[in-house]
Amino acid sequence: MSDLTITLLAGGVGGAKAAEGLAASVYASTTHIIGNVADDDAFHGLWVSPDIDTLLYSLGDQIDRERGWGRKSESYQVLNELSALGQETWMTLGDLDLATHIYRTELRKQGVRASHITQRLAKRHGVTVPILLPTDDVVQTQVKTESGWLSFQEYFVREQCKPKVLGVEYKGANIARATSEALFQIAKSDVIVIAPSNPIVSIGAILATPGLQEAIEKSTAYVIAISPLIAGKTVKGPADKMLESMGKSTDSKGIYQCYGSLLNAMVIDDADRDELPWLQDQGLDVLVTPTLMKTRDDKCALLTNTVAFAEQQRKQRAA
Ligand code: GDP
Ligand code: CA
């Protein structure tokens with residue numbers, strides 16, 4: 001048990017691994033997660049919130065562990081039927097997963113806040129670490145490519161991240177209102193951990209919610225980011241390609257360029273030890289440790305080490 005108030009900013013797969021690490025640690029009961037809603041989109045008339053569902057299914061141990069997303073023991077009868085009816089079915093939505101989307105869509109129609117829908121789904125999956133949303137409003141990441149703008153899922157799933165990324169926009173973010181829960185949680189945090197998530201489309205979208213980044217800057221929390229890159233490459237997904245095409249370097253320097261003055265510290269992999277002096281020159285505390293999370297123990301160890309390091313550095317700074 002620990003009395004440190006911890007907030008994790010998390011996207012999908014990398015975010016969920018970090019969330020599971022904290023949930024398995026001594027910090028579980030004092031941790032809150034702020035998830036990403038900007039990958040949300042409508043399919044077959046249903047509202048799908050992929051990153052939030054990845055968090056819910058992972059923490060509820062319902063996730064397909066091989067893929068890192070979707071439900072385990074899933075079947076695709078509905079999707080196959082939709083395909084036979086001539087519908088586009090590139091977004092892989094299984095039968096169990098569809099129940100989540102039907103439920104979310106129905107409650108949205110009744111006017112229930114997205115945050116409350118998430119709470120109800122968390123209850124169903126036995127998830128005890130609270131998942132907060134940055135906003136209840138609709139924010140949708142759009143990706144600019146050589147052949148025009150794509151929705152995030154068109155880029156990510158349909159086009160399999162192949163098009164060159166010329167820019168990213170968070171549609172709706174300028175008029176979105178941050179949830180009071182997220183702002184309150186940030187204000188009272190001792191440590192804010194930024195998961196090894198895509199810094200542009202996962203964490204960038206959370207930080208694009210008006211007031212959220214300012215709340216982090218204003219809080220006295222110690223902010224530590226775990227790099228999603230190992231030896232210049234992502235473990236999964238397009239973060240490296242996105243950083244490159246946006247003129248940022250594909251190493252912890254590039255991650256630092258995304259977060260800049262928000263950070264007190266970074267966690268980088270043993271393989272990237274040579275990046276330590278540059279990060280320290282920027283005034284950051286740096287933890288060098290294995291960051292590849294495969295097992296539950298890997299996740300728990302990395303997140304425990306991350307928070308323990310933050311706590312120790314925070315105390316030293318205060319002394
Ligand atoms: P998405 O929303 O499903 O794309 O997932 P996130 O944005 O949360 O995370 C994507 C990032 O997680 C990618 O850039 C991966 O490199 C990173 N990632 C996934 N697993 C690991 C891991 O075990 N260790 C580290 N350091 N990064 C990881
Ligand atoms: Ca995502």
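Predicted model: local features only at pLDDT ≥ 70, side-chain atom pairs only at ≥ 80, totals over all residues.
Asp 39 has a relative accessibility of 5% and counts as buried. Asp 51, at 7%, counts as buried too, because the cut-off for that class is under 20% relative accessible area.

Ser 202 is found in the loop between strand E9 (191-194) and helix H8 (203-207). Its relative accessibility is 7%, so Ser 202 is classed as buried. With neighbours within four places in sequence set aside, Ser 202 is in contact with Gly 11, Gly 12, Asn 36, Asp 51 and Ser 197. For Gly 12, the separation along the sequence is 190 residues, while the C-alpha atoms of Ser 202 and Gly 12 are 7.5 Å apart in space.

One is His 44, with phi near 50 degrees. His 44 is placed in the loop between strand E3 (41-43) and strand E4 (46-48), and is partly exposed, with a relative accessible area of 29%. The other is Asp 61, where phi is about 55 degrees. Asp 61 lies in the loop between helix H2 (50-59) and helix H3 (77-84). With a relative accessible area of 40%, Asp 61 is partly exposed as well.

How many cavities of 30 Å³ or more does a search of the whole structure find? There is one. The largest cavity holds about 150 Å³ of space. Its lining is made up of 17 residues, and those nearest the centre are Val 37, Asp 40, Trp 47, Arg 108 and Ala 114. Helix H4 (95-109) and helix H5 (114-124) each supply at least two residues of this lining. The largest share, three residues, comes from H5. Sorted by class, the lining of the largest cavity has eight nonpolar, five charged and four polar residues.

At the start of H11, a side-chain oxygen of Asp 251 comes to within 3.0 Å of the backbone nitrogen of Lys 253. After H11 comes Gly 260, with a positive phi near 45 degrees.

The last stop is Val 288, in strand E14 (residues 285-288). Is Val 288 buried or exposed? Its relative accessible area is 17%, so Val 288 is buried. Leaving out residues up to four places away in sequence, Val 288 touches Ile 268, Asp 269, Asp 270, Arg 273 and Leu 276. Val 288 and Ala 28 are 260 residues apart along the chain, and their C-alpha atoms are separated by 23 Å.

Methods: Residues numbered from 1 in each chain as written. Chains lettered and ligands numbered in written order. Heavy atoms only, no water. Helix = DSSP H or I, 4+ residues; strand = E, 2+ residues; numbered from the N terminus. Buried < 20%, exposed > 50% of the residue type's maximum accessible area, 1.4 Å probe, protein only. Polar contact = N/O pair within 3.5 Å; in protein donor to acceptor, adjacent residues only side chain to side chain. Contact = heavy atoms within 4.5 Å. 1 Å grid on protein atoms, 1.4 Å probe; cavity = no way out; pocket = protein on both sides within 12 Å on 5 of 7 lines; lining within 4 Å. Points joined across faces, edges and corners; volume = space filled by probe spheres on them. Nonpolar A, V, L, I, M, F, W, Y, C, P; charged D, E, K, R; others polar.
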